Amino acid sequence: MTQPLLDVRGLRIAFGGKDVVRGIDFQIAPGEKLALVGESGSGKTVSALSLLGLVQNADISGSAAFSDANHGPGSRDLLALPERALRGIRGKEIAMIFQEPMTALNALFTVGDQIAEVLELHEGLSKPAARAAAVQLLADTGIPEPERRARAFPHQLSGGQRQRAMIAMALACGPKLLLADEPTTALDVTLRGQILDLLDSLRHRRGMAVLVITHDLNLVRRFADRVAVMENGCIVEHGAVAEVFAAPKHRYTRRLIDSRPQRDVIDAGADAPGMAPVMQAEGLRVSYSVSLPGLRGWFRRGEFVAVQGANFRLAEGQTLGVIGESGSGKSTLALAALGLLPFQGSLEVDGGTWQPKAAANKALRQAVQVVFQDPFSSLSPRMTIGEIVGEGLRIHAGELGVDARQARVRQTLADVGLTQDLFPGLLERYPHEFSGGQRQRIAIARALIVQPKLLVLDEPTSALDVTIQKQILQLLQALQRDRGLSYLLITHDVDVIRAMAHAVLVMKDGTVVESGPVAQVLDAPQHAYTRVLVAAAG
Amino acid sequence: MCGWIRVSGSTEVIAVSPSPGKRAWMRFRRNRLGYWSLVVFVAMVVASLFAEVLSTDRPLIVRYEGSTYFPVWKDYSEKTFGGDFETPTDYLDPFIRQRISSGGNWAVYAPNPYGPKTLNYFATLPNPAAPSRENLFGTDDRGRDLLAQLIYGFRVSVLFALALTAIGVVLGVITGAIQGFFGGRIDLAFQRFIEIWGSMPELYLLIIFSGIFAPSVALLLVLLSLFGWMGLSDYVRAEFLRNRQMDYVRAARALGVSNRRIMWRHILPNSMTPVVTFLPFRMSAAILALTSLDFLGLGVPPGTPSLGELLSQGKANIDAWWISLSTFGVLVLTLLLLTFMGDALRDALDPRKQDR
């Protein structure tokens with residue numbers, strides 16, 4: 001093997017005496033694509049940040065030998081370099097791109113100025129030359145009309161364009177190594193492939209090595225040459241992507257690879273026409289009033305239509321999946337289905353419909369419950385688990401005494417896999433003591449305790465690690481089988497739809513572009529957008 | 001070290017950890033300066049609540065010719081102790097003192113044998129008198145004992161500040177909660193009202209009202225409360241605006257929880273951090289407000305022991321250094337303790353601070 005570009009040995013990182021990275025070794029050859037894969041908290045991002053001296057208040061030991069032919073023979077230990085020397089390396093020889101391009105770009109400067117600044121700083125270019133180079137870089141990343149875009153502020157660009165601008169900025173000085181921290185996670189599925197292709201072609205053209213940090217196995221399989229799997233601050237497996245995926249040796253790697261959701265639901269029989277659906281929508285439309293720009297806004301309010309003319313039907317014991325990218329109106333649809341937003345058109349829920357007066361909705365509230373995406377904001381941090389889960393009973397089963405209520409709370413928590421044996425004093429605990437997956441189970445218990453017929457699942461697993469996602473989906477499938485629940489499942493993930501749904505709605509820009517049984521929509525997509533979506537999921 | 005595998009998280013048995021409020025208290029206790037400030041401050045307030053026993057011109061118990069008297073609780077005429085008149089006894093009178101301490105008679109005096117309004121007609125020094133064995137902190141320009149004035153003045157200040165803070169918190173939380181929770185037109189209307197209300201000249205109103213009505217502590221409390229809630233209401237409004245968007249509130253709505261219960265049980269406990277953090281600072285602001293109004297002569301009615309009035313006496317009698325110095329000392333100590341407590345509280349409630 002030729003001399004590696006970067007040779008990391010025995011890297012350990014500890015925060016306040018607590019080890020986060022426990023001595024990892026990895027090498028990157030020039031021009032190579034290495035993926036560091038692991039779940040949240042496995043120490044992958046902090047390992048990459050430490051290479052550039054961007055981790056504060058940590059005890060770092062080990063070595064990271066960086067050999068750059070331009071700098072002369074021999075190598076420099078990045079972990080031992082003083083801050084001044086590191087500043088010369090950052091951006092120039094090792095560049096980094098981040099997950100969220102909106103926060104990584106400065107909102108007060110144009111994109112072109114920000115790229116030009118890097119060039120002026122590191123390459124000593126004059127202002128006009130730097131500007132011209134910035135436009136050229138933007139053109140390289142495939143942004144249409146690069147001259148106009150260079151004068152745009154970050155908020156004027158779309159998410160994909162922002163990520164391209166970030167990449168242009170990172171590549172401005174022709175780095176030898178690019179650290180990409182979850183480069184596509186914040187992007188819609190349809191854009192992810194494009195960004196990966198872009199990174200790959202730029203890497204090829206410039207002979208640059210890429211270290212990509214991700215939790216997304218699809219990305220690894222598609223993009224990387226070699227993969228290092230991290231768990232709890234250790235690299236547990238390491239090898240060529242094809243080999244690791246074909247024959248994973250470590251059991252954690254196997255678990256990761258097996259974490260693709262499995263379909264385990266009772267298939268839809270012939271939809272009995274006599275049976276009343278749990279939810280049926282006809283011409284459902286949701287709009288917000290927005291302020292108009294300019295003088296017109298003084299006199300009139302504009303209207304933004306978030307959901308336009310949606311028709312669907314959800315039978316008992318089945319799952320209707322709603323898929324689309326951010327801003328497609330799928331979460332608005334969920335809120336309307338919950339009666340939390342005013343809507344037009346007809347929406348029949350369990351034989352009734354939402355009334356404007358809150359008191360008139362009590363029976364429907366019991367029939368329709370919800371589980372939200374973010375398990376951290378969906379539980380009040382100042383209420384105990386007993387209070388959170390028991391609250392529904394106070395409202396819908398007020399006749400129960402304290403003991404009966406507590407028994408129901410315990411039973412429901414046990415149904416979602418949280419028992420007194422695992423967590424002594426379960427009901428008196430507060431949400432901060434539970435992990436993301438456990439919190440999501442608590443949120444499911446809160447919804448289940450009033451014995452609803454329909455659960456609205458708004459991205460129930462998007463905030464969770466892949467292995468936890470699989471467990472939660474299995475739980476939801478089991479609950480559906482046992483209780484005949486119907487699910488309205490909102491997601492952006494084709495894999496989740498494939499595993500869970502009986503029927504699918506594909507949404508784009510507030511309209512339903514395609515709908516039908518899951519097999520039909522995913523295996524023979526009719527609409528161009530659906531085809532892109534399915535193809536992007538691999 | 002690598003290759004070490006943690007037991008899968010879901011099977012571990014984890015001990016119960018205390019509630020968020022309790023953890024905040026534990027963090028507060030770890031800040032020793034703030035914690036001891038709280039202890040000292042509470043001790044001072046509790047002691048001042050017993051001022052009638054600690055600093056009074058009447059003996060606590062008198063044993064006089066076989067009978068026991070409790071002058072602190074009950075008035076006795078001079079004749080009881082062998083005087084000539086029916087008037088209430090002046091226990092500072094050397095004649096009475098001599099009567100109740102001669103023979104088998106005895107009396108137990110308060111640690112500081114002067115009340116806030118006591119005038120010692122038998123004092124040997126001209127007023128204001130410098131600190132001496134009789135008056136540990138000296139006397140003011142009317143001959144009243146300064147230590148007694150400080151004890152009672154401190155009590156008035158602290159109780160006034162507590163009441164003002166409590167009223168301000170209740171009003172501020174209610175108005176802020178209504179604005180933040182309902183938003184829209186209600187919020188807009190309230191915000192404009194606050195802007196108009198906040199631009200009223202508070203001091204002039206106080207001067208005008210003190211001209212119309214007889215000055216009293218209650219009137220002052222009402223007037224200051226009318227303007228004291230606005231700052232807090234803004235913070236609570238912002239917290240409610242933020243929290244009402246959170247998924248846990250949406251989930252509660254989806255359960256059919258009533259608005260009132262959502263505000264009270266769900267959002268309010270999560271919005272109390274700025275309220276609690278500001279409590280000590282609001283108290284010190286209230287103490288300062290009362291002191292400065294008293295200093296200007298717009299505060300409590302004349303005759304009420306007050307730190308502000310003492311400061312103004314100190315200004316009038318600049319050579320009687322003991323008046324201004326001791327009052328200043330009490331004020332600085334009080335405000336300093338409150339500030340230390342506020343700092344500790346702010347750190348304790350800072351979500352970025354970890355337990356360890």
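View 1. Helix α16(A) is followed by A:Gly417, which has a positive phi, near 95°. The model shown in this and the other views is predicted.

**View 2. Length of α16(A).** Helix α16 of chain A runs over residues 402-415 and has 14 residues. From its first C-alpha to its last the helix reaches 20 Å, close to the 20 Å expected at 1.5 Å a residue.

**View 3. The buried side of α16(A).** A:Val409, A:Thr412 and A:Leu413 are the buried residues of α16(A). They lie on the same side of α16(A) because they cover an arc of only 100° around the axis. An α-helix has 3.6 residues a turn, so residues three or four places apart point the same way. The cover over the buried residues of α16(A) includes α15 and α17 (436-448) of chain A.

**View 4. The opposite face of α16(A).** Exposed residues A:Asp403, A:Ala404, A:Ala407 and A:Gln411 are carried on the face of α16(A) turned away from its buried side.

**View 5. Chain A where chain B touches.** In this contact, 33 residues of chain A meet 25 residues of chain B. On the side of chain A that touches chain B, at least two residues each come from β2 (18-28), β10 (234-240), α14 (362-367), β15 (368-371) and α15 (385-396) of chain A. The most is given by α15(A), with three residues. By class, this side of chain A has 13 nonpolar, ten polar and ten charged residues.

Methods. Residues numbered from 1 in each chain as written. Chains lettered and ligands numbered in written order. Predicted model: local features only at pLDDT ≥ 70, side-chain atom pairs only at ≥ 80, totals over all residues. Contact = placed C-beta atoms within 7 Å. Helix = DSSP H or I, 4+ residues; strand = E, 2+ residues; numbered from the N terminus. Nonpolar A, V, L, I, M, F, W, Y, C, P; charged D, E, K, R; others polar. Expected span 1.5 Å × (residues − 1). Buried ≥ 20, exposed ≤ 12 C-beta atoms within 10 Å, placed from the backbone. Arc of directions from axis to C-beta.
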